[in-house]
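User: Please take a close look at one part of this structure. I would like the aromatic rings, with the cut-offs spelled out.

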Amino acid sequence: DDLNTVAPSSNGQRGLIPNYGVWNATVNYRIGGIDRFAPTLFVTTKNLRDDTFIVDRRRGVMPGIPRLVQAGVKFQF
């Protein structure tokens, strides 16, 4: 239920969704030191420990995102 007061059902459609914490990390590295126009390399990881947890039950049991790693280059003008 919306108030998280009902005991979990066997099909997973109803019940308490417990609190859960997720670790995320980001690293940035600017190439070229303090130059304003220097490119920046970055790596970002979401759900660092790759844990599975429930985030919603309205449309069925919806798990949180799996580990996601993104990398790239950022330019400023």
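**The aromatic rings**

Phe 53 is buried, because its relative accessible area is 15% (buried is under 20%, exposed over 50%, partly exposed in between, with a 1.4 Å probe and protein chains only). The model is predicted: local features need pLDDT of at least 70, side-chain atom pairs need 80 or more, and totals for chains, interfaces and linings use all residues. Residues count from 1 along each chain as written, and side-chain values use heavy atoms, without hydrogens or water.

The pairing rule gives one aromatic pair (Phe, Tyr or six-membered Trp ring centres within 6.5 Å; planes under 30 degrees apart are stacked, over 60 edge-to-face, the rest tilted). Tyr 20 and Phe 53 are stacked, because their ring centres lie 4.7 Å apart and their planes meet at 15 degrees. Tyr 20 sits in the segment before E1, while Phe 53 sits in the loop between strand E2 (40-46) and strand E3 (54-56), so the pair ties together parts 33 residues apart in sequence.

Another tyrosine, Tyr 29, belongs to strand E1 (residues 25-30). Tyr 29 counts as exposed, because its relative accessibility is 54%.

Now the setting. The protein chain has five strands and zero helices (DSSP runs numbered from the N terminus: helices H or I, at least four residues; strands E, at least two). Buried residues are 17% of the 77 in the protein chain. The C-alpha trace spans about 60 × 20 × 20 Å along its principal axes.
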